[in-house]
Amino acid sequence: MVPATYYIALSVLLFVIGAIGFLIRRNLIVMFMSIELMLNAANLAFVAFARHQLSMDGQVIVFFVMTVAAAEVAVGLAILIALFRHRETLNADEVRMLRW
Amino acid sequence: MLIEIVIILVKILAVLGMVMPLAGALGWIERKGSALIHDRIGANRASIYGFAGAGLVNTLVADPLKFATKEDVIPRGADRLLHTIAPCINLFPVLVAFAVLPFGDVLLVGDREINLQIAPLGIGVMYVLAMMSLGVYGVVLGGWASNNRWSLLGGIRGSAQMISYELPMGLAIIAMILTYGTLDLQEMARAQGELIWGWLPAWGIFYQPVAFLILLVAGIAESKRIPFDLPESESELISGYFTEYSGIKHLMFFMTDFVEVIIVSGLVSTLFFGGWQVPYLYSSGFEFPWGASIALPNIAIVLLQIVSFTLKIVFFCWFQIMIRWTIPRFRYDQLMHLGWLGLLPIGFVNIVATAVAILATQSA
Amino acid sequence: MTLLTFLPLSALIVIFALGVILNRHPIRSALCLAVTLFLLAVMFVFLDAHLVAALQIIVYAGAILVLFLFVIMLLNLEADIPQRRRRNLTIAATAAGLVFAGVALRPFLGSDAGLPGVGMSGPVPDTFGTAAAIGQRLFTHFVLPFEVTSVLLLVAVLGAVVLAKKKIG
């Protein structure tokens, strides 16, 4: 059997990949996908812990994470579309009206 | 252990051996059916000794050969990798969705009970939904990787349409899950073996006619056939997302269309028309409501069940072909209106009504 | 699940996750993410979370990512142009990520001995991971978060419509 720590290691690795992607990419859509990657890393940890403890709670939490992710994507992509309509760009460096 | 694997392999081969020829034959049935519905002579060029019915053989053998020997063109500027894997991504999920459709009850060989279902998954119907939702990738990829405006438009239309109609489809399936109280398709099929009022088979259609209509319409929309064929509407987009496909890849898109027709038929017959159930046929033989009974051996019963399931599937394939050649194509806004303002609210009301009805019958 | 299946599967997951952040074209990133999510669903099946695996494919791969693809195609985005001046940031981000990974993994290094729970090798009850078991938990212990989720979804629907709608009049 694979020990639970292996799953946690994979989860951490996925989370770090997502975080690095969020930092190094300037395309808002790809940054968004990196966030999804991080959420999924957390999901993997939840499911692995649920199996380790034989408790359903971890899987139920994953259910909530998915709902929140769906809501977040709906609003986030709507913002991106609105942004693209106004600015013709999805580069995070070029959207600086609110920055000083 | 080895015998288990052999049994599963035989089941897989049996299902694929039914689905693939049927998908090929549907190509011929569609041409012939369109001629019948248009009241014209049609599909009689391919014949053997003047007998046009034998053209079916030509369709099954000559058509694939022709496709396979054609040149495979990849347009300049296309994404070669994605252009190649798009047809595979389109076909694969639909084919594996058949794994949970039960095509018979239990076959007894010696003292071994064989469940006539490739994969008895606890999440059964959710698995079908998951695989059908993956089918959209082939459309999107094919449309994008072709480097062609028509293809891109077809891909965009396809993705929007398939997401929109997945919702009513899911709602119809939720209503059926509420009705049967299980997710397993084999359990659902078994539950439909009972009788209402002592004579009417307890098929899903008698409990959930609204869900049946929603599932059928959403299913046809998911398989992107007329009247919902806007992703490939040939008068506007040439061939939509598979405009730039030729040879064997085109054949794969073509096959996917018919395999989707079969999976929708299979899902509809399993959920609403008893699946493999034959009315009044039980595990020991026929027991008619007027008292007569005929005892049958297990193998005969299983054969009857398989034939019954096949006939139901063929009927619904024919039904979808009839719809295709009868109803004209929707406009895009009509399509979206039907999905979001028609099927979706009806589906929600249906679920609430079902839940209330179940509560009322359970507490009574 | 044995190491023989776990290691190739996790290697594939990591490769495709790297593909998400390293591909220059957003469509390719989205496809890599789709494969990652699909493989994670496979891993969920091995972890006896069948319903969660199905939901992962239906919700994530079948709906959320298709929305991503739809938006990318709708806006007709092109591949990003690599920018030279960002190299320092890349190095810094990677270093920070590795440090974080080290810190996060530190308590887990070694065996499962320190983790509470019955462990991965014990027998799994038949009901574990089924829709019935999840539903039971969801509608009893988690009923308040569940109801709040419906409000969240409603707000998200309204927000998305208002934001994406073209101005009328």
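How far apart are the nearest C-alpha atoms of chain A and chain B, two chains that do not touch? In this predicted model, the nearest C-alpha atoms of chain A and chain B are 13 Å apart. Two pairs of chains are in contact, and of these, chains A and C share the most contacts.

**Chain C with chain A**

On this interface, 86 residues of chain C meet 70 residues of chain A. The buried area comes to about 7100 Å², with carbon and sulfur atoms giving 78% of it. Three residues deserve a look here: Ile21(C), Phe68(C) and Met120(C) supply 11% of the area that chain C buries against chain A, more than any other three residues.

There is some charge pairing as well, as the rule finds two salt bridges across the interface of chain C and chain A. In one salt bridge, the side chain of Arg137(C) meets that of Asp57(A), at 2.4 Å from N to O. Six residue pairs are in polar contact between chain C and chain A, counting pairs with both residues at pLDDT 80 or more.

Which elements of chain C each supply at least two residues of the side that touches chain A? They are α1 (3-22), α2, α3, α4 (87-105), α5 (131-140) and α6 (143-164) of chain C. The largest share, 12 residues, comes from α3(C). Sorted by class, the side of chain C that touches chain A has 59 nonpolar, 18 polar and nine charged residues.

**Chain C with chain B**

Here 24 residues of chain C are in contact with 24 residues of chain B. The two chains bury about 2000 Å² between them, and carbon and sulfur atoms give 81% of that area. The count of salt bridges between chain C and chain B is zero, and one residue pair is in polar contact, with both residues at pLDDT 80 or more.

The table sets out the values for both interfaces.

| Interface | Buried area | Carbon and sulfur share |
|---|---|---|
| Chain C and chain A | about 7100 Å² | 78% |
| Chain C and chain B | about 2000 Å² | 81% |

**Strands of chain B**

Now for the strands. In chain B, three strands form an open sheet with antiparallel pairing, in the order β5-β6-β7. Its edge strands are β5 (281-282) and β7 (293-295) of chain B, each pairing on one side only. Strand β6 of chain B covers residues 285-287 and runs antiparallel to β5(B), to which two bridges join it. Tyr282(B) has Gly285(B) in β6(B) as its bridge partner.

Another pairing in chain B involves β1 (residues 106-109) and β2 (residues 112-115), antiparallel strands joined by four bridges. Leu108(B) stands opposite Glu113(B) of β2(B). How many residues lie between β1(B) and β2(B) in the hairpin that they form? There are two residues between the strands, and Gly110(B) in the turn has a positive phi of about 65°.

Key
Residues numbered from 1 in each chain as written. Chains lettered and ligands numbered in written order. Heavy atoms only, no water. Contact = heavy atoms within 4.5 Å. Buried area = accessible area lost by both parts, 1.4 Å probe. Salt bridge = Lys/Arg side-chain N within 4 Å of Asp/Glu carboxyl O. Polar contact = N/O pair within 3.5 Å; in protein donor to acceptor, adjacent residues only side chain to side chain. Pairing = 2+ DSSP bridges. Nonpolar A, V, L, I, M, F, W, Y, C, P; charged D, E, K, R; others polar.
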